[in-house]
Amino acid sequence: ERKMIREEIESREDEKMIDAAQMNNPEPEECFNVNYLRIYYGGKSNLFPYSDIHKWLSYGHDGKHPGCDEYYFGRREFSFTLENDVYLRYKSFKNASSMEDAIKSNFPYKIDIGAVYSVDPDKRHAYSQTGTNVFTPVERELVFDIDITDYDDVRYCCSGADVCSKCWPLITVAIKVIHTSLTEDFGFKHILWVFSGRRGVHCWVCDPKARRMTNEQRSAVAEYFRVYKGNENNARKVALMGYSLHPFLARSYVDYLKGFFEGELQATQSIFSTKDKYEKILAMISDEDIQSELRGKWENSARSSLSEEAISLVRWEQLKNTLQSKKHKAPTLRMCVEEIVFTFTYPRIDLEVSKQMNHLLKAPFCVHPKTGRVCVPIDPNNCDEFDPLAVPTLSQLIEEINSGGSRMDVDDDEDSDTSLLAKSIKFFRSSFLEPLLKSCKEEIESSYKTKIGKSKDSFSW
């Protein structure tokens, strides 16, 4: 075991793909401790859905169908973060039971999932002795990572890792915009959205054409979603070029962003209500005369009896009207209203995570070590209803077991629907896993038939 850990620590060079912030395991709190983890991963209560995770990551290669690759799952990289930051990368497992055994003997604080490699990750050293570089990623879901901390300059209720019902809707809008584009613009069907356990969401696009993308193709998709051109020091973070919006951006603006900006965002953040707030927005207007005109109106307006939200809405209307009447002055003003809306509401994706095949991402249904919350799937079609603060914690799950609701197997009895995790597992199975496996099996069978057909043709005279 020590030798294995030493070997894993030697491969730290490869860990640069892991976000340094993720590596710090904070002190476990009331909702999270190692004993709870032992029950979650190892108890008789069957809380962690081992079989479902294995079925998902096998993509129909179950050994039961002709043409399937029985070694497929065994080439998938897993990484474990253990207590005291002991970090094991390039773990791989032959089957579901060996994965389960490894998790039950380590009780990882975090489980990350990596790419499918050309050879088993745990045998990579043996292959490296041969001098040929055969250890290379060959498949990986297209993944996206969205974190509320990236919205700190446009939310006034929380900052850092904190999240509440006022700022979480920024993440909800991001899910809607990205999901709509992935399905309508790219034609993807098998998309899994997962709560990160604390302050954001992860997206896994699992269609075959997504899993087989090269890094260049992944970068192209990531760049398709990029609108933020500025940096921390630029007031104008979004530059929308040209006379009209790209169809994807126009649809996002009309269907989601404009209504959210003028409705929920104004209601919860009142982004024009104080001088500090509105100066940030005035800085996005390139014309100083217009800036001064609006500043004069807002500074001199008598103390109003209006609520912060109402003041904010009035000022937004004034800004829009002023820009509308002056937009002939300069081409840069033409898209100014849209640029402000995009700056506040458009998804802030960590694009680097999406661009590289060998990036790691936290496994669904594992537990966040700081909050103790389970990383449950989110239904993109009902994401307005998702409340990150209502997601079950380990301590709540343990309490449920102690009070008698001990089994989480959704198939076992109908009453289990009331258990805290059952709905999430049921959603994962019925809405994501079953349709995915059906299409995977069809694809394997179809390519097998084609292969057989070709071999028959080659024997015909």
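Arg 211 lies over the face of Tyr 59, 3.7 Å from the ring centre. A charge counts as over a ring if NZ of Lys or CZ of Arg is within 6 Å of the ring centre and within 35 degrees of the ring normal. This is a predicted model, in which local features need pLDDT of at least 70 and side-chain atom pairs count only at pLDDT 80 or more, while totals for chains, interfaces and linings use all residues. Residues are numbered from 1 along each chain as its sequence is written, and side-chain values use heavy atoms, with hydrogens and water left out.

**Charges over rings and helix 4**

- The charged end of Lys 277 sits over the ring of Tyr 156, 4.6 Å from its centre.
- Tyr 59 follows helix 4 and has a positive phi, near 50°.
- Helices (H or I, at least four residues) and strands (E, at least two) are DSSP runs, numbered from the N terminus.
- Helix 4 (residues 50-58) is mostly covered, with seven of its nine residues buried.
- Buried means under 20% relative accessible area, exposed means over 50%, and partly exposed lies in between (1.4 Å probe, protein chains only).
- The buried residues of helix 4 are Tyr 50, Asp 52, Ile 53, His 54, Trp 56, Leu 57 and Ser 58.

- All eight of the eight residues of strand 3 (residues 110-117) are buried, so the strand is largely enclosed by the rest of the structure.
- Two strands pair if DSSP finds at least two bridges between them.
- Strand 3 pairs with strand 1 (residues 76-81) in the antiparallel sense, over five bridges. Here Phe 78 has Ile 113 as its bridge partner.
- Strand 3 also pairs with strand 8 (residues 361-362), antiparallel, over two bridges. Ile 113 has Leu 361 as its bridge partner in strand 8.
- Strand 4 (residues 137-139) is another antiparallel partner of strand 3, again over two bridges. In strand 4, Pro 137 is the bridge partner of Tyr 117.

- Four strands form an open sheet in the order 5-7-6-9, with antiparallel pairing.
- Strand 5 (142-147) and strand 9 stand at the edges with a single partner strand each, so one side of each lacks a neighbour in the sheet.
- Strand 6 (residues 191-195) and strand 9 run antiparallel and are joined by two bridges. Trp 193 stands opposite Ile 378 in strand 9.

**Aromatic pairs**

- The structure holds 34 aromatic pairs.
- One of them joins Phe 365 and Phe 428 edge-to-face, at 5.5 Å centre to centre and 90° between the planes.
- That pair links distant parts of the chain: Phe 365 is in the loop between strand 8 and strand 9 (377-378), Phe 428 is in helix 17 (residues 422-459), and they are 63 residues apart.
- Phe 365 and Phe 428 are both buried.
- Rings of Phe, Tyr and Trp (its six-membered ring) pair if their centres lie within 6.5 Å; planes under 30 degrees apart count as stacked, over 60 as edge-to-face and the rest as tilted.
- One aromatic cluster is formed by Phe 144, Phe 186, Phe 188, Tyr 224, Phe 225, Phe 248, Tyr 253, Phe 342 and Tyr 346.

**Cysteines**

- The structure holds zero disulfides, a disulfide being a pair of cysteine sulfur atoms within 2.5 Å.
- The sulfur of Cys 164 has its closest cysteine sulfur in Cys 158, at 3.5 Å, too far for a bond.
- Cys 203 is in no disulfide either; the nearest cysteine sulfur, that of Cys 206, is 8.3 Å away.
- Cys 164 is buried, with a relative accessible area of 18%. Cys 203 counts as buried at 0% relative accessibility.
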